[in-house]
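Trainee: I would like to go through the labels used for this model and hear what each one rests on.
Mentor: Pick a label, and we will set the value against its definition.

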Amino acid sequence: MRACLRFAPMIGSREGELPAEEARSLAAHLSECPSCRALSAEAAVLEGLVSEALLAKAAARDFSPFVDLVLSRVERTPARRSLWPRATALPRSTPARGRGLARPFLALLARNWKLATAFAVALVAAASVFMYVHRDNGEPEEIASLEIDLEGGDTVLQTSDGPVVLFAPDESGS
Amino acid sequence: MTRLLACGLAFGLAVLASAPARARGDVPVHIRIIKGSKKGPAKMDASLEPLKRQLSSLAYVRWESASDEERTMVRGKLESVKLPDGDEVTIVVQDEAPEKVTFEVTVVSRKTQSRLTVEKGQRIVHQVSGEKNGSAFFLTLYATPEK
């Protein structure tokens, strides 16, 4: 009985599922124990029934039109527009490199009006900021000569690093 | 749509970020007050090394930094600098161009006013106090005008 308890979980196991030693022990036990043999036979029948039922269910479904259905759906779906024009659309005989780069960009803007609008708004904003930052005050540019204008009779030493202004000795309070 | 707007916004922000952050008329100026002495062993603070060529032409041999600060000056706006002896010096950026800046330096106690135009990379060294016991204070100005 203790042996039956040990082998009960192994009954119904598939071929190769048990280690070789346990499989041999189970076979030896089944040859000696009629109740476990009966249990094993019942499990085998049940497994066979389940397998047959599953196969029958699977066979009932017809997969033959699957491929045709998928292909028909693919053909119906419009091709997704790529943001960037394909490289093959570019004329290979474009003489100037810059022009070759500008054309697909302009084509992109022409095809995506929202992107073109966003780009234009950003461009105007950038131009406004640039003009604001670099606005001209209307003053003429001075010539690049050094100008030194002292009031108080001080002296100036001109060096290449810049002017050095010194108080006149008689006014320095020394 | 959201992606396109995000692209446009990102582009605009990138352009804005690339624009100079400084407004026209702002001039970053490095202002130092240094003390020159004719007495004592010759010595110059390490921070005054860039001024060495200008200072070496003077009779003062010992140079010490008294104050050191960076200010962003606005054209026409008067900036005041206090000297260690209590006197005051005022500085005004009178004009600024990409390669040069014109400063007006006024030493209040002496009622002197200097108008100096320096090119980019040049420094002004200006005596701002009379010599006392062989020492005098000097103001140095170094501007980096907008390119």
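Trainee: What makes β8(B) largely enclosed by the rest of the structure?
Mentor: The model is a predicted one, and in it 5 of the 5 residues of β8(B) are buried, so the strand is largely enclosed by the rest of the structure. Buried here requires 20 or more other C-beta atoms within 10 Å.

Trainee: How do you know that both faces of β8(B) are covered?
Mentor: On one side B:Arg123, B:Val125 and B:Gln127 are buried, and on the other B:Ile124 and B:His126 are buried too. Buried residues on either side mean that both faces count as covered.

Trainee: What joins β8(B) to β9(B)?
Mentor: 5 bridges join them, and the strands run antiparallel. B:Val125 stands opposite B:Thr140 in β9(B).

Trainee: What makes β2(A) and β3(A) a pair, and what do they form?
Mentor: They share 5 bridges in the antiparallel sense, against a requirement of at least two. A:Gln158 stands opposite A:Pro163 in β3(A). The two strands form a hairpin, with 2 residues between them.

Trainee: Why is the pairing in the sheet of 7 strands called mixed?
Mentor: In general, strands of a sheet pair either parallel or antiparallel. This open sheet has the order β2(A)-β3(A)-β8(B)-β9(B)-β1(B)-β3(B)-β2(B). It includes the parallel pair β3(A) and β8(B) and the antiparallel pair β8(B) and β9(B). Another antiparallel pair is β1 (residues 26-37) with β9 (residues 135-143) of chain B, over 9 bridges; there B:Ser37 stands opposite B:Ser135.

Trainee: What makes a strand of that sheet an edge strand?
Mentor: An edge strand pairs on one side only, as do β2 (155-159) of chain A and β2 (43-44) of chain B.

Trainee: Which residues touch the most other members of the largest nonpolar core?
Mentor: The core has 30 residues, and B:Val89, B:Phe103, B:Val128, B:Phe138, B:Leu139 and B:Leu141 touch the most other members. Elements that give two or more residues are β3 (162-166) of chain A and, from chain B, β1, β3 (62-74), β5 (88-97), β6, β7, β8 and β9. β9(B) gives the largest share, 7 residues. In general, nonpolar side chains of soluble globular proteins tend to be buried together.

Trainee: What does B:Leu141 touch, leaving out residues up to four places away in sequence?
Mentor: B:Leu141 touches B:Val29, B:Ile31, B:Ile91, B:Phe103, B:Arg123 and B:Ile124.

Trainee: What stands out about phi at B:Lys111?
Mentor: Most residues other than glycine have a negative phi. B:Lys111 is not a glycine, yet its phi is positive, about 55°. B:Lys111 is found in the loop between β6 (100-107) and β7 (112-119) of chain B.

Trainee: Where in chain A is confidence lowest, and where is it highest?
Mentor: Confidence is lowest in strand β1 (residues 148-151), with a mean of 62, and highest in helix α2 (residues 20-32), at 90. Over residues 87-94 of chain A the pLDDT is below 50, and that stretch has 4 contacts beyond near neighbours in sequence. The pLDDT is also under 50 over residues 138-145 of chain A. The average for chain A is 75, and 71% of its residues score at least 70.

Key:
Residues are numbered from 1 along each chain as its sequence is written. Chains are lettered from A and ligands numbered from 1 in the order in which they are written. This is a predicted model: local features need pLDDT of at least 70, side-chain atom pairs count only at pLDDT 80 or more; totals for chains, interfaces and linings use all residues. Helices (H or I, at least four residues) and strands (E, at least two) are DSSP runs, numbered from the N terminus. A nonpolar core is a set of buried Ala, Val, Leu, Ile, Met, Phe, Trp, Tyr and Cys residues joined through C-beta atoms within 7 Å. A residue is buried if 20 or more other C-beta atoms lie within 10 Å of its own, exposed if 12 or fewer, and partly exposed in between; C-beta atoms are placed from the backbone. Two residues are in contact if their C-beta atoms, placed from the backbone, lie within 7 Å. pLDDT is the predictor's confidence in each residue, from 0 to 100.
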